[in-house]
Amino acid sequence: MAPRNEIEHTVAEAMQSLLGIETIGIHDNFFELGGDSLMAIQAVSRLRETYQVELPMREFLFESPTVAGIAKIITDNQAKADSSTDLQAMAYLLTQIEQMDSDEVNVSLEKT
């Protein structure tokens, strides 16, 4: 089955490049196609750099060594990173508000 989205496409390209295979389906197992742990480390490194997310080796090696599985891990971890960033931004704003005196708060509220 062909990649269904951009992340699956990128994961498939990374695996194809490492394995020297022209086409990889989303359910093909990386290790059954000839991949080894060194190639898996290279794939994880590339994908971490591309997507700026955590991609645990344990999950790649043992739980999800397919394009679809790896893409799901990336998607899930992007959502977690986005939530974390949102929470950090809210915490920062709350800290800023807590440091304001009541006059500053009232002026800011009047502006909105």
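This is a predicted model: local features need pLDDT of at least 70, side-chain atom pairs count only at pLDDT 80 or more; totals for chains, interfaces and linings use all residues.

Residues are numbered from 1 along each chain as its sequence is written, and side-chain values use heavy atoms, with hydrogens and water left out.

**Entry 1: Gln-16**

I started with Gln-16, which is found in helix H1. For helices I use DSSP runs (H or I, at least four residues; strands are E, at least two), numbered from the N terminus. A polar atom of the Gln-16 side chain lies 3.1 Å from the backbone nitrogen of Ile-24. Is Gln-16 buried or exposed? Gln-16 counts as buried, at 18% relative accessibility. My cut-offs are under 20% relative accessible area for buried, over 50% for exposed and partly exposed in between, with a 1.4 Å probe and protein chains only. Leaving out residues up to four places away in sequence, Gln-16 touches Ile-21, Glu-22, Thr-23 and Ile-24; contact here means heavy atoms within 4.5 Å.

**Entry 2: the rest of H1**

Next I checked the length of H1. Helix H1 covers residues 6–19, and at 1.5 Å a residue its 14 residues should span 20 Å, which agrees with end C-alpha atoms 20 Å apart. The expected span is 1.5 Å times one less than the number of residues.

How many residues of H1 are buried? I found 10 of its 14 residues buried, so I noted the helix as mostly covered. Among them are Ile-7, Val-11, Ala-14, Leu-18 and Leu-19.

I then looked at both ends. At the start of H1, a side-chain oxygen of Asn-5 comes within 3.1 Å of the backbone nitrogen of Ile-7. Just after the helix, Gly-20 has a positive phi of about 70 degrees.

**Entry 3: H1 against H2**

Two packed helices are described by the angle between their axes and the distance between the axes. For H1 and helix H2 (residues 37–51), the axes come within 10 Å and cross at roughly 145 degrees. I take axes as lines fitted to C-alpha atoms, for helices over the stretch in contact, with angles from 0 to 180 degrees between N-to-C directions.

Which residues meet here? From H1 I listed Glu-6, Ile-7, Thr-10, Val-11, Ala-14, Ser-17, Leu-18 and Leu-19, and from H2 Met-39, Gln-42, Ala-43, Arg-46, Leu-47, Thr-50 and Tyr-51.

Ser-45 is partly exposed, with a relative accessible area of 40%.

Gln-52 sits in the loop between H2 and helix H3 (57–63). Most residues other than glycine have a negative phi, and most peptide bonds are trans. The phi of Gln-52, though, is positive, near 55 degrees. Gln-52 counts as exposed, at 62% relative accessibility.

Glu-54 is in the loop between H2 and H3 too, and counts as partly exposed at 49%. What does Glu-54 touch? I found Arg-48 and Asn-77, not counting residues up to four places away in sequence. The side chains of Glu-54 and Arg-48 make a polar contact at 3.4 Å.

**Entry 4: H5**

Helix H5 (residues 102–111) has 10 residues and the number buried is 0, so I wrote it down as lying largely in the open. Asp-101 caps its N-terminal end, with a side-chain oxygen 3.0 Å from the backbone nitrogen of Asp-103.

Technical notes
A polar contact is a pair of N or O atoms within 3.5 Å; within protein, one must be able to donate a hydrogen and the other to accept it, and residues adjacent in sequence count only if both atoms are side-chain atoms.
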